[in-house]
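I opened this model to look up its strands, its turns and its surface. My notes follow.

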Amino acid sequence: MLTKSIAAGLAGTALLATVAFAQSPTATTDKAPTAATATTTTASGQWRTSKMDGLKVYNEANENIGTINDLLMDKSGDIKIAVIGVGGFLGLGEHLVAVPYEKLKFVNEAVAYTGTGAKPATTTTGAATGTEKTTTTTTAPAATTTSSTSKWYPDHAVFNASKDELKNMPEFKYSE
């Protein structure tokens, strides 16, 4: 029984091999092959759209108002709409709104912290001479901003609206 199965398998393989060898090669034309051309070999100053997902969006008062969830483009490849997620926690209860892409302003520098949560570090130097004491106090900056042009994405986006204004906008839904 085993030999019959092996013989049948070999016969089937031989049959398929002859069909593959019997195929004629595709016809060739005398046209010159078209070479793929690249517009640039480097992409300095360009941003990857895959890195824009989750990018924080602030208003002009440096208040976090949401994150970019998606970028929608037209058939020519131009990005037309940014879908921003407002509110929610870990994506739950998030309100999606569509805003015109050209209304977003992208910034490479980090948002400067302006709050009073932590006391700035101070150093005091001085010398006591008799009853007089000379003191010099220096205060460390509350936050530092750094610019990185080597990243493939901006630090954040700015949209001129409050979180409440975005929540009151019509909810964006993907159509099937």
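**Hairpins and sheet**

I started at the hairpin of S2 and S3, where five residues lie between the strands and Gly77 takes a positive phi near 95 degrees. I note here that the model is predicted.

Next I looked up how S2 and S3 are joined. S3 covers residues 79–86, and six bridges tie S2 to S3. The two strands run antiparallel.

S1 spans residues 56–58 and S2 spans residues 64–73. They pair in the antiparallel sense over three bridges. I checked two positions. Val57 has Gly66 in S2 as its bridge partner. Tyr58 stands opposite Asn64 in S2.

S1 and S2 also form a hairpin, with five residues between them. Asn62 sits in that turn.

**Asn62**

I stopped at Asn62. Its phi is positive, about 60 degrees, although Asn62 is not a glycine. My reminder to myself: most residues other than glycine have a negative phi. Asn62 belongs to the loop between S1 and S2.

Is Asn62 buried or exposed, or partly exposed? Its relative accessibility is 37%, so I put Asn62 down as partly exposed. The class runs between the limits of 20% and 50%.

**The whole sheet**

I then traced the sheet from end to end. It is an open sheet of six strands, in the order S4-S3-S2-S1-S8-S5. The pairing is mixed. As a general point, strands of a sheet pair through backbone hydrogen bonds, either parallel or antiparallel.

Which strands stand at the edges? I found S4 (95–100) and S5 (105–107) there. Each has a single partner strand, so one side of each is left without a neighbour in the sheet.

**Surface patch**

Last, I looked for nonpolar side chains on the surface. Trp47, Trp152 and Tyr153 form a nonpolar patch there. Together they have about 290 Å² of accessible area.

I followed up one of the three, Tyr153. Where does Tyr153 lie? I located Tyr153 in the loop between S7 (132–139) and S8 (156–158). S8 is also a strand of the six-stranded sheet, between S1 and S5 in the order. Tyr153 has a relative accessible area of 30%, so I logged Tyr153 as partly exposed.

Conventions:
Residues numbered from 1 in each chain as written. Predicted model: local features only at pLDDT ≥ 70, side-chain atom pairs only at ≥ 80, totals over all residues. Heavy atoms only, no water. Pairing = 2+ DSSP bridges. Helix = DSSP H or I, 4+ residues; strand = E, 2+ residues; numbered from the N terminus. Patch = residues over 30% accessible without salt bridge, like charges linked within 9 Å, V, L, I, M, F, W, Y side chains within 5 Å. Areas by Shrake-Rupley, 256 points an atom, 1.4 Å probe, with all protein chains shown as cover. Salt bridge = Lys/Arg side-chain N within 4 Å of Asp/Glu carboxyl O. Buried < 20%, exposed > 50% of the residue type's maximum accessible area, 1.4 Å probe, protein only.
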